Amino acid sequence: MTMNKRQQHQYYGAAPKPTRFAKHWCLLLISIFLSLNTRTLAFDYGDALRKSLLYFEAQRSGRLPYNQRVTWRHHSGLTDGLEQGVDLVGGYYDAGDHVKFGLPMAFTVTMLSWNVIEFQHQIAVAGELEHALEAIKWGTDYFIKAHTSPNVLWAEVGDGDTDHYCWQRPEDMTTSRQAYKIDENNPGSDLAGETTAAMAAASIVFKGTNPHYSHLLLHHAQQVNSKTNFIIR
């Protein structure tokens, strides 16, 4: 299903909850990384970093890995994209709901990536570099799936209206998993631009440790960025 301008505004252009998710947690992570560099003894910032990254594990959607540390979470959203004939399993849920909004998810991955680029040593000293890389890759794996063709980027999975009226575990959710996309007829420059930024930043993160994956991310970022007739029209 494609999104008209009213739906774009309603679902991912002006939703307050996804903004809270991206803004609050990314600002917290930045402050933690900066604090790790000061070697302040009054507080255990390494523990704060660990718990912040655990939050992202708790927000995972899809089939969870064997090393999942948040053990009270289980597989969920395993049919996302099925009705549309695409595989949209994975990614992150937004805030306290079960909608997967592309824009705040991409912003979050962008900020996580740049924090690893700038503060990799401090994160490694805290013993959390592997978990930070896993948090980034969980998002970028989903963005690759969502970019199903050069001119199509899936923007959202789930319906914000019905979801926000229903409190239940994602493992048990019964609300709509309708998916929305941007394409030549339904442009979304904000989403396309931020997703490009997320994949490009992550490609820098993985350049030294996983060059093949880094190249794949850069390819998708360049392709999304170059298709201006569906990004801006």
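**Close-up views of a predicted model**

**View 1. S189 sits in helix α7, which spans residues 189–205.** Helices (H or I, at least four residues) and strands (E, at least two) are DSSP runs, numbered from the N terminus. This is a predicted model, in which local features need pLDDT of at least 70, side-chain atom pairs count only at pLDDT 80 or more, and totals for chains, interfaces and linings use all residues. Residues are numbered from 1 along each chain as its sequence is written, and side-chain values use heavy atoms, with hydrogens and water left out. S189 has a relative accessible area of 38%, so it is partly exposed (buried is under 20%, exposed over 50%, partly exposed in between; 1.4 Å probe, protein chains only).

**View 2. Helix α4 (residues 102–125) packs with α7.** Their axes are 8 Å apart, at an angle of about 25 degrees. Axes are lines fitted to C-alpha atoms, for helices over the stretch in contact; angles run from 0 to 180 degrees between N-to-C directions. α4 and α7 are therefore roughly parallel (under 35 degrees; over 145 is roughly antiparallel, 65 to 115 roughly perpendicular, the rest oblique).

**View 3. A95 has a positive phi of about 50 degrees, although it is not a glycine.** Most residues other than glycine have a negative phi. A95 lies in the loop between α3 (45–58) and β1 (100–101). Is A95 buried or exposed? With a relative accessible area of 17%, A95 is buried.
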